[in-house]
Amino acid sequence: MKNKSVILALLFLGWALGNFDRFVINYAIVDISKDLSLNATHTGIVLSTFFLGYAIMQIPGGLLADKFGPRKIVTISVLLLSLFTGLTGGVNSLFMLLVIRFLFGLGEGGFMPASTKAISETFPHKERGRAQSILLSSGGVMAILTPILSAYLLISFGWRPLFIGVALIGALVVVLYLYFLKVPHEAISQDSASVQVQQGKSPLKTVLKMPLLWSIFVSFFAIYTVQWGLTSWIPSYLSSVRGLDLVSIGWVQTIPGVAMLIGMLLGGVIMDKIPQGKEKIPGIIGTVLIAVLMYFMFTATSITSFIIFQTIVTFAIAVVIILLNAILLKNTPTSVAGSAMGFVNVGGQLAGFLAPTLIGFIFDASGSFDMAFWMLIGFAIVCLIAIITFRTTKQPEQPEQLSSSVS
C-alpha cells in the first residue's frame, strides 16, 4: 500500500500528542495542586483517575475499531483527547478535575486498539512488528522532550494556557486525520478465526477463547506494573533517598528516556527478523535482566551505578513491550486485532492505575522503597513466567493490499 508510511506518520503524531498529554500532567500537577489546594492524596487520585477511564475503554475501543474501522475511532479519540485537554485548563475544583481526567481517559482509550487495527490492516505480516515499534516509540520521544518542554511552557505561560494550547494542536491533528488518514477496512484473512468472525461470531468471544491472549494480558499487567511503578516513583526516590535536586533529576532521567526510545525502535527490527515461534526468547532474556538489575538498582552505592542499571532496565522494558505487541499482531487475525489489543491493554492500564498507589502504600507502611523494588522484581518474574507459557503458531502471509475499501 502506497500510503502506509503516511498512515504510520499520522498515527505516530496522534500517539505523540496523547503521550505528551499523559506526561505533562505529572509536571503541571505541582502548580495545579497549589492553585486548587490539593493534598498529596488528592494528587495521587488525580494522576490515577486517567488510567481508570483509559482501562475501561480498551475493550469497547477495540470492538468499535473492528466494527466501524480504525480511521473513525482514532479520529474521534484525538477529538475527545483535545476537548478534555482544553477543558482541563478551565477547572476550578478537585471534583471537576477528577471528572475531566476520567473522561479524558475514556476519550483517549480507543486510540491504541484502533491504531493497532490500522497497522494490522495496512502493513503486511512481516512489517507489523517494526510498524508497531515505530508507533510506540513516540512514547519514548515524548519521555525525553516532555520534561524540557513542560518546564519552559509552564514557566512561560502557566498550566491553564498550556492545556488550552495543546488542545488547539489536537484540533489540527483531527483535521489532518479527516483529510489524509485513509485506512482499509474489512480486510480478508485466510485463517479460520477470521472466517468465524466474518460469519457473525463476536470478535470479543473469539479473543477470549485464545489462550495466547490471556498470557499476553498477564504479561501486559506485569511489565506495565514495573514500568509505571518506576516512572511514577523514581523522581521521589532520587530526591528522598539519593539526595538529588529536581533539576538534576530531570537531566539524569533523560538517559533512561533515550534508552527507552532505542529499545522500542530496535525491538521492532529484532521482532520482524526473529523466526515465527521464537519471539519469546528475547522476552525471557529481557525479563530476567529486569528482575536482576532492579535489585542492583536499589542496592547501588552510587548514583552513577543506579542510573546505569536503570538505563539497562528501561531498555529491556521497552524491548519486552515491543515483543508483546509484535506477538499479538503476528498471531491474531486481522479481523479481531482491535479487540485483541483492547483486551490485553486493559491489563497494562490497570497496572498504571494500581502501581503508583501500591508503592505509596508500601512506602507508608515500611518507611522504605526497598520493599517496593522487591514487589516490582516479583512482577518481572510474573511476566517471565507468562512469556514462557506463550504458544504461537505460524500464520499465513497476507497480501500487502488487504482491501480496496476505506474506513
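## Helices α1 and α3

In this predicted model, Leu11, Leu17, Gly18 and Asp21 of α1 meet Val74, Val78, Leu81, Ser82 and Thr85 of α3, where contact means heavy atoms within 4.5 Å and where helices (H or I, at least four residues) and strands (E, at least two) are DSSP runs numbered from the N terminus. By class, the contact of α1 with α3 has five nonpolar, three polar and one charged residues; Ala, Val, Leu, Ile, Met, Phe, Trp, Tyr, Cys and Pro count as nonpolar, Asp, Glu, Lys and Arg as charged, and the others, Gly among them, as polar.

The two helices α1 and α3 pack at an angle of about 30°, with their axes 11 Å apart; axes are lines fitted to C-alpha atoms, for helices over the stretch in contact, and angles run from 0 to 180 degrees between N-to-C directions. α1 and α3 are therefore roughly parallel to each other, given that angles under 35 degrees count as roughly parallel, over 145 as roughly antiparallel, 65 to 115 as roughly perpendicular and the rest as oblique. Their crossing is left-handed, a term used if the near helix is turned anticlockwise from the far one by less than a right angle, with right-handed used if clockwise.

## Basis of the model

Residues are numbered from 1 along each chain as its sequence is written, and side-chain values use heavy atoms, with hydrogens and water left out. Because the model is predicted, local features need pLDDT of at least 70 and side-chain atom pairs count only at pLDDT 80 or more, whereas totals for chains, interfaces and linings use all residues.

α3 and α4 pack at an angle of about 165°, with their axes 8 Å apart, which makes α3 roughly antiparallel to α4; the crossing of α3 and α4 is left-handed. On the α3 side the contact is made by Ser77, Leu80, Leu81, Phe84, Thr85, Leu87 and Thr88, and on the α4 side by Leu97, Ile100, Leu103, Phe104, Gly107 and Glu108. These residues of the contact of α3 with α4 divide into eight nonpolar, four polar and one charged.

Helix α3 (residues 70-88) also packs with helix α7 (residues 159-180), at an angle of about 160° and with axes 7 Å apart. α3 and α7 are therefore roughly antiparallel to each other, and the crossing of α3 and α7 is left-handed. Residues of α3 in this contact include Arg71, Val74, Val78 and Ser82, while those of α7 include Trp159, Phe163, Ala167 and Tyr177. The residues of the contact of α3 with α7 divide into 13 nonpolar, six polar and one charged.

## Individual positions around these helices

Ile25 lies in helix α1 (residues 4-36) and is buried, with a relative accessible area of 1%, where buried means under 20% relative accessible area, exposed over 50% and partly exposed in between (1.4 Å probe, protein chains only). Leaving aside neighbours within four places in sequence, Ile25 is in contact with Ile32, Leu47, Arg101 and Phe163. The C-alpha atoms of Ile25 and Thr88 are separated by 10.0 Å, although these residues are 63 apart along the chain.

Glu108, in helix α4 (residues 94-108), counts as buried at 1% relative accessibility. With neighbours within four places in sequence set aside, Glu108 is in contact with Trp15, Gly18, Arg22, Phe50, Tyr54, Ser77 and Leu81. By contrast, Leu172 of helix α7 counts as exposed at 52% relative accessibility, and its C-alpha atom is separated by 9.9 Å from that of Val78, 94 residues apart along the chain.

The protein chain has 16 helices and zero strands, and buried residues make up 56% of its 407 residues. Among contacts between residues at least 6 apart in sequence, 87% join residues at least 24 apart.

Not counting residues up to four places away in sequence, Ile290 touches Ile223, Val226, Val313, Ala316, Ile317, Val320 and Ala380. Met297, found in helix α13 (residues 280-298), counts as buried at 0% relative accessibility, and among the residues it touches beyond four places in sequence are Leu230, Arg242, Phe306 and Val313. Met297 and Val313 are 16 residues apart in sequence and 9.1 Å apart in space, C-alpha to C-alpha.
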